[in-house]
Amino acid sequence: MKFELKKYNINIPDSDLLHDIQSCAKKLKKTKITIEEYDNFGKFSSATIRKRFGNWHQALKKAGLDYKSESHTVTKEELLQNLKCVWERLGRQPTYTDIKYPLSKYSTRPYERMFGSWQKSLETFVNWVNEGSQLNDSFEANDSIEINADETKIKRRTNRNISDRLRFSILLRDGFRCQSCGESPIKNPGIELHVDHVIPWSKGGETIPENLQTKCKKCNLGKGNAFNQ
Ligand SMILES: [Zn+2]
């Protein structure tokens, strides 16, 4: 990691600060950049820039960037989705210090702003996953789908699609480990985990936790529609 003394930006000329905002915008291919993005990609501290130019909008204006358009406010859903991605990539609960670029799209700041604290963000996340993972269970009889498989009519309770949050809850249950070979992002960063039906949906398997399992990409691709042994 690059060593930087962000505190001592005091003698940097205005033009250097503005130039760096412009190069960040260029790097991100944007006409406007947020404080968050600048802190991830910029050379200096956004606090220094805000102090120097009065506020962030003024700095954008001086740098010749778009300062009028509504700034994009990160939504609750985006923050929770991002936390899910970070958790999956690590294969474990992220710590406060994990929440930074490039692993995380956002820093801890928007989490604290939205949920009050990092701890509360994690609590909200757990509730969100739990609520979402039960959505598949709430299929009523009239939502059931009938298909013809091997000329037999199969009536089913669940949709083929594994919802995002149900998928995550299966990864959690299985400890982010392939149930065939034991591979996990903890042991082998970058390993891709899939959640798949044990009895294939096309063979009448339901999309319920009991019929879902975690597999690494390699083990999953070898499987196709064959019954799992
Ligand atoms: Zn495997």
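**Salt bridges and a strand pair**

Okay, let's start with a contact: the side chains of R113 and E36 meet in a salt bridge, at 3.8 Å from N to O. These two sit in distant parts of the chain, with R113 in helix α6 (residues 108-115) and E36 in helix α2 (residues 35-41), 77 residues apart. Keep in mind that this is a predicted model.

Now, buried or exposed: which is R113? With 59% relative accessibility, R113 is exposed. E36, at 11%, is buried.

R109 makes a salt bridge with D39, and their closest N and O atoms are 2.7 Å apart. R109 is in helix α6 and D39 in helix α2, so this pair ties together parts 70 residues apart in sequence. R109 is partly exposed at 31% relative accessibility, and D39 is partly exposed too, at 24%.

Next, D164 and K84. Their side chains meet in a salt bridge, 3.4 Å from N to O. D164 belongs to helix α8 (residues 164-173) and K84 to helix α5 (residues 76-90), and they're 80 residues apart. D164 is partly exposed at 36%, whereas K84 is buried at 4% relative accessibility.

Last stop, the strands. Strand β3, residues 193-197, is mostly covered, with five of its five residues buried. β3 pairs with strand β4, residues 212-216, in the antiparallel sense over five bridges. For L193, the bridge partner in β4 is C216.

Key. Residues are numbered from 1 along each chain as its sequence is written. Side-chain values use heavy atoms; hydrogens and water are left out. Buried means under 20% relative accessible area, exposed over 50%, partly exposed in between (1.4 Å probe, protein chains only). Helices (H or I, at least four residues) and strands (E, at least two) are DSSP runs, numbered from the N terminus. Two strands pair if DSSP finds at least two bridges between them. A salt bridge is a side-chain nitrogen of Lys or Arg within 4 Å of a carboxyl oxygen of Asp or Glu.
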